[in-house]
Amino acid sequence: MMSINIPSYRQAFMLMLKRDLTIALRHKDDIFNPLLFFIIVVTLFPLGIGPEASTLSRIAPGIIWVAALLATLLSLDRLFKADFADGSLEQMMLIPQPLFIIVLAKIIAHWLITGLPLIFIAPVLAVLLHLNENSYGALMITLLIGTPVLSFIGAIGVALTVGIKKGGVLLSLIVLPLYIPVLIFATSAIDTAAMNLPYSGQVAIIGALFFTSFTLAPFAVSAALKVSTN
Amino acid sequence: MWKWLHPYANPEITYHFTGKLTPWFTWLSIILLAIGLTWALLFAPADYQQGESFRIFYIHVPAAILSMSIYVGMAIAAFSGLVWQLKLADASAAALAPVGAVFTAIALITGAAWGKPMWGTWWIWDARLTSELILLFLYLGVIALHNAFEDKALAGKAAGILAIVGVINIPIIKYSVEWWNTLHQGATVSKFGKPAMSADMYWPFLFCFFGFAFFVAAVTCLRFKTEILSRNSMRPWVKALVKEEIK
């Protein structure tokens, strides 16, 4: 009798996380391209609207957040696509651990690769856009809690479209409407901070969105992956 | 308790049952709409503030109510399809989606047509208008996802998951849009600012509403039948039906 050592949930989670991070670090384009996209999109707005500092500082929160949304959307594809293409996704679904664990690890890895760098670069771009000085804290906090929500909700969209050949445009059509609450509360928190008012209410709601998507999205992703891989 | 429901898991029985229901819904809808629209457009009193242009209310409000209830109905169908693996529930969700999208579009267009004389503009970023627009996007997402799959059974499941995710999001979106609206622009033109309606306006509205509701039921039945046929096109009973049709 051979006994097979089945890794615990935590081990499976860490293994998956480490695997995805290693793959990403070996393909550095995956990290830098969405970041570059983020920077370029933000740069386009002053060119289109005009260089007046007052206008720019008024719309800076919206621009940064919309650009972050689009950058996340652009990077979502790499969440499942490569694994789906080479068949390893189906192998992962056969692992004795619940799919929930695997999916959670993959989404968190995705956020570490694409969401976290955005947060580091955002203050620099905020300077370029003359963001109000009081707003920097709010910008960082909303990005820190808000971008994981984008990854979680986006993962549902990717899981649904991963089997479709031209899923890219479809993905944005599905996911962007679901991003609206995050956008609204994040920008309103930043605007409120600019007026020197407390913005804890908005942050609390983004936090609620974070925990809701954290707990529910992996289930939806698992169900969607089962449909997509069939 | 489930015994009477059980035979309807069979596509053939459901197909014929739906076929029997369709003319009822169609005629009910035609009669109710004929009475309701004539009453509403010709005989109901004009509004004392808004005048004759108020009459678009009789189309706009039923469409708006139905656009939201159809989404919920679609999500419930998708949910039961996902939980109890009812293939026909997925089919009915797929049948409902375009109908709901059209009613959302009707609500938006009639709203714009109503807004022009009342508010002086086709569109304002009012909380209700915005959430209705987002609802349209959600519908279009479900429809696009459904069309993207070759295999209709898979398409139904995938679109169903999206519909369920959407229905969780709808209250959040609605709430967030309302907050966004009050934060960004304060009180805009107030919506229908008047107390309870008088009876001679309310009755034609009821007729119109149920007329449109049965219209939705009839169209959905037709689409549902088509969905059943296209999903079971290889089955002998469908082939027999087609043969009869050709004769």
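Helix α7 of chain A (residues 136-161) is largely enclosed by the rest of the structure, because 22 of its 26 residues are buried, meaning that 20 or more other C-beta atoms, placed from the backbone, lie within 10 Å of a residue's own. Helices here are DSSP runs of H or I with at least four residues, numbered from the N terminus. This is a predicted model, in which local features need pLDDT of at least 70 and side-chain atom pairs pLDDT 80 or more, while totals for chains, interfaces and linings use all residues. Residues are numbered from 1 along each chain as its sequence is written, and chains are lettered from A and ligands numbered from 1 in the order in which they are written.

Stay with α7(A) for a moment. At 1.5 Å a residue it should span 38 Å, and its end C-alpha atoms are 36 Å apart, which agrees. The helix also has a kink of about 30°, centred on A:Leu143; the bend is the angle between axes fitted to the seven residues ending there and the seven starting there.

Now look across to chain B. There, 18 residues of chain A are in contact with 23 of chain B, contact being C-beta atoms, placed from the backbone, within 7 Å. On the chain A side, α7, α8 (167-194) and α9 (200-229) each supply at least two residues, with the largest share, 10 residues, coming from α8(A). By class, this side has 16 nonpolar, two polar and no charged residues, where Ala, Val, Leu, Ile, Met, Phe, Trp, Tyr, Cys and Pro count as nonpolar, Asp, Glu, Lys and Arg as charged, and the others, Gly among them, as polar.

Key:
The expected span of a helix is 1.5 Å times one less than its number of residues. A residue is buried if 20 or more other C-beta atoms lie within 10 Å of its own, exposed if 12 or fewer, and partly exposed in between; C-beta atoms are placed from the backbone. Two residues are in contact if their C-beta atoms, placed from the backbone, lie within 7 Å.
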